[in-house]
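Q: Can you walk me through a few spots in this one? I'm new to it.
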Amino acid sequence: MFDVDWMELLTREVLRERGAALIAESCAWAVGLSDRPYYRRHSGRLAPSGLTVGERAANGQPLGDEEDGRVDLGDARPGSFRDALGMAGPDGRLEAERFDDEVLVPFVAETCRLAGDRARTARRADWAELADDLGEDPADVADVVRAGGWEAPLRIDAEHLVLAALGDVPLIEVEAEGLPLSLVRAAEAAARAAVPPPARGPDDSLAGALFLARAALEDSGCTVPVPSEEADLLLAALGEAGLEPDEVTSVVPHLPVEESTITRIAATLPSGQDGHTDGDRPRSAG
């Protein structure tokens, strides 16, 4: 009697539940394909045909690459979504490969993660045993899923699902269906690009200096956050703690100080670049 991989069954169940979302993402991905130049082979090399993909499809001409096409995409209806997946781009890669990388791989990875979250909650004992068998921490769903190897077979199931739903549908209709979601995805990408990257923490090499600086600040009697009028007091405390001018410049932004204090200290330090922050004679910024 064969052992049933309950987790594999669960990933398939979650994939079926997310089937509509997968189809929507596939349609959104297809948007714009018909506007691209169509490439065909001349003497073994790809070259623009002078037509767009959409124009060729409208003429009833096949899109798939006969030389490099995949068997599972063969005999596709000309101008269909399956036919478009079998065509080669300017770099020689099939659109099917790009579809795998950009849609199926991330979608299946997220599906397996969702299945893992469900299993960890609904089947705690089974999940703990499974994680132990795989040598992973049951609290780390991503590691358990990665070690379990469910993504590869599920990706095949996902591809079959997409082709069953969209394979013979004309490309232009698939694009029209995916346009609303495509616009949403473009807006999300623009919003992410507009958000500045998170502020970086202090470099690991400054850990020791930052420890000394925090201790010096605590003993300095300065107001927290340190206002600009107490910049000299803080600078003196940092000098007494043994920090060099370049270390002071590096660690001050990571201390609880006002922005004006950072500016004042930066303006003060250049006159003391002799290798010491002279704690006895704090220099005035004025």
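**A serine, a helix pair and a proline**

A: Let's start with S220, which sits in helix α10 (residues 207–220). Helices here are DSSP runs (H or I, at least four residues), numbered from the N terminus. This is a predicted model: local features need pLDDT of at least 70, side-chain atom pairs count only at pLDDT 80 or more, and totals for chains, interfaces and linings use all residues. Residues are numbered from 1 along each chain as its sequence is written, and side-chain values use heavy atoms, leaving out hydrogens and water.

Q: Is S220 buried or exposed?
A: S220 counts as buried because its relative accessibility is 15%. Buried means under 20% relative accessible area (1.4 Å probe, protein chains only).

Q: What does its side chain reach?
A: The S220 side chain reaches the backbone nitrogen of C222 at 3.2 Å.

Q: And which residues does S220 contact, leaving aside neighbours within four places in sequence?
A: Those are L233 and A237. Contact means heavy atoms within 4.5 Å.

Q: New topic. How do α2 and α8 cross?
A: The axes of α2 (residues 19–30) and α8 (residues 151–166) come within 10 Å and cross at roughly 70°. Axes are lines fitted to C-alpha atoms over the stretch in contact, with angles from 0 to 180 degrees between N-to-C directions. The two helices are therefore roughly perpendicular, a label for 65 to 115 degrees.

Q: Which residues meet there?
A: From α2, G19, L22, I23, S26 and C27 meet A158, L161, V162, A165 and L166 of α8.

Q: Where is P225?
A: P225 lies in the loop between α10 and α11 (231–240). A cis peptide bond joins V224 to P225, with omega about 0°. Most peptide bonds are trans.

Notes. Buried means under 20% relative accessible area, exposed over 50%, partly exposed in between (1.4 Å probe, protein chains only). A polar contact is a pair of N or O atoms within 3.5 Å; within protein, one must be able to donate a hydrogen and the other to accept it, and residues adjacent in sequence count only if both atoms are side-chain atoms. Angles under 35 degrees count as roughly parallel, over 145 as roughly antiparallel, 65 to 115 as roughly perpendicular and the rest as oblique.
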